[in-house]
Each structure stands twice: as C-alpha cells, then as structure tokens.
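Subject: Structure for you to look at

Dear colleague,

I am passing on the structure that we spoke about, with the sequence alongside. Please have it open while you read the notes that follow.

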Amino acid sequence: MSTTTIAGQEIEVNEDGFMLNPDQWSPEIAAELAREAGIDPLTDKHWQVIDFCRRDAADKGEAPGVRRITKNAGVSMKEMYQLFPKGPGILSSKISGLTKPKGCI
Amino acid sequence: MTDNGNGNGETPRKVAIICSKGSLDMAYPGLILANAARMMGIDAVLFFTFWGMDVIHDKRVDKLHTGIVGNPATHMPAMVAGLPGMEGLATKMMKKKIDELDIPTVREMIEILDDAGAEIYGCQMAAEMMDIDKKDLLPQVKDIITAMDFFDKSEGAQTIFI
C-alpha cells in the first residue's frame, strides 16, 4: 500500500494503482485516472459504466466484472472495448475507484 | 510503443492460445484465458486445431461433451465412467453448473471474444483432415490458417497449448 496524489488529493492505492478506499473517490479523480489510461474526456457512456460500477460495488462489496457490467449497465461488450480500449476489465473498476474485479468473466 | 495500461509500458502484451481439445471441459480454459487477457488489454490470438475444431464448428459447438472416461479427476471408478449414459449425465451436470454460475455458453464465449477483438483462427490441416470448410465454422472465425501462419500471427506472444 502507498499513497499518491491524484487531482490534488492524497489517495491510498495498491501496487497496481487501484484505489483502496472508494470513499476517497471523486469525479475529478476519475477524470485524472482516465487520462492516465488514455481516456479523455470521459463521455456519458463512460459515466453510465462508472455509476453502475460504484453502485454495484457499494451493494455487493466488490467491483463488477465486464460481463456483469454488460448485462446491467446498458452497455454492450463491443462498446466496453471502445470505451476502455486498454482493458475494460481493469479500467472500469480502476477509474471507478474500486479494486480489480475478482471474477474471470 | 505506448503503454498498454497493464505492463511496464514498453511493448503491448500478447497471448497466443492453441486449443486442441474438443470436449466441453477443455473448451473453456482457452476461451476464459483469452477473454481475461482481452479484459486486461492484452492482445489475444486463438488457434483451434484438431479436436478443437469442434469448438468453432457451427453444428457441433452446442453439442460438446464432458469427457469422463480415463479422467481420474472425476473421482469415479473407470468402469462406472464408461457405462452408457454416464457421459451424457456428466455433460448435463456441468452445463447446469455453468448456467447457475452465469458462465456464458461456448458459443457465447466465442461471440464475446470476437466483440472483445480477439482473433480466432482454425487450422488448415485439421480442416482438411476432417473435411471442414470455412462456411462450416462460426462467423467469428477470421480464417483457416497454416501452422506457419500461426507463427506469424503469434510473434512475440506468450503461447499456451491446451
């Protein structure tokens, strides 16, 4: 565990840069994490995914996998790869201030 | 090279998976690994050969069976595993579990991989041996290629044989 500064805030992150405390997250942090992953700006579709991920994680206690997102957030598998070309399975949760999803799909 | 969002930022990672088995239980490992790779932003190439051709065969993909004879991990005496109907039963049980866990069917997995940008190929020699034509295969199969083509497409990739 270490801390880093994202969008002017001290944030706790793990060795892969995933936030450890979802309560420290803010939309500004999401925008900066997205920029680091080459996504700029975050579109409404991105926010649709992020909002679902945060709601679902608050409810289930873990970040949803890509399949769960495509089944529930109104975004297709193809769109997920257009929105997060460098890896929807890690970037959806990373930008949402969550840890890496535990499932394989 | 640009950062692939996962590695040390030097070269994009790539995985090549050779799928040589045609049973339900052996179809999944390659598909799940390729999908996991794509979810992490790693490029994935799948090469289906020999019995693996059934996995990308339009008329066979939904009828894959769980192999139990000669498999000690079923924890079943070999003689019992060989009884008529046992393989069908094992297949049914596995499909039920797959469904309960919301794991996509093999056909769906192939569709997901295609949407995810994975490249799926069939083996030319296996196709010839089994009288399989490109039109017999799932539409997500990009092409039927030779072993030498496979090496071109898998250059620099981590390679997994299943």
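Ala7(A) sits in the loop between β1 and β2 of chain A, where helices (H or I, at least four residues) and strands (E, at least two) are DSSP runs numbered from the N terminus. The phi of Ala7(A) is near 50°, which is a positive value in a residue other than glycine. Ala7(A) counts as partly exposed because it has 14 C-beta neighbours inside 10 Å; by the definition used here, a residue is buried if 20 or more other C-beta atoms lie within 10 Å of its own, exposed if 12 or fewer, and partly exposed in between, with C-beta atoms placed from the backbone.

Please keep in mind that this is a predicted model, in which local features need pLDDT of at least 70 and side-chain atom pairs count only at pLDDT 80 or more, whereas totals for chains, interfaces and linings use all residues. Residues are numbered from 1 along each chain as its sequence is written, while chains are lettered from A and ligands numbered from 1 in the order in which they are written.

The two strands around Ala7(A) form a hairpin with two residues between them. Strand β1 (residues 2-6) of chain A runs antiparallel to strand β2 (residues 9-13) of chain A, and five bridges join them; two strands pair if DSSP finds at least two bridges between them. Within this pairing, Thr4(A) stands opposite Ile11(A) in β2(A).

Chain A has five helices and two strands, which follow the order β-β-α-α-α-α-α from the N terminus on. The radius of gyration of chain A is 13 Å, close to the 13 Å that the globule rule gives for 105 residues, so chain A is as compact as a globular protein of that length; the radius is taken over C-alpha atoms, and the rule is 2.2 Å times the number of residues to the power 0.38. Of the 105 residues in chain A, 37% are buried. The loop between α1 (27-36) and α2 (44-60) of chain A holds Pro41(A), and the peptide bond from Asp40(A) to Pro41(A) is cis, with omega near 0°.

Turning to chain B, Leu113(B) lies in helix α4 of that chain and counts as buried because it has 23 C-beta neighbours inside 10 Å. Leaving aside neighbours within four places in sequence, Leu113(B) is in contact with Leu31(B), Ala34(B), Asn35(B), Ala118(B) and Ile120(B), contact meaning that the C-beta atoms of two residues, placed from the backbone, lie within 7 Å. Leu113(B) is also among the residues with the most contacts inside the largest nonpolar core, which has 64 residues; such a core is a set of buried Ala, Val, Leu, Ile, Met, Phe, Trp, Tyr and Cys residues joined through C-beta atoms within 7 Å. Helix α1 (residues 24-39) of chain B gives the most to this core, with eight residues.

Where the chains meet, the contact takes 15 residues from chain B and 13 residues from chain A. The largest share of the side of chain B that touches chain A, four residues, comes from α1(B).

Lastly, Asp131(B) is found in the loop between α5 (124-129) and β4 (143-145) of chain B, with a positive phi near 55°, and is exposed, with 7 other C-beta atoms within 10 Å.

With best wishes
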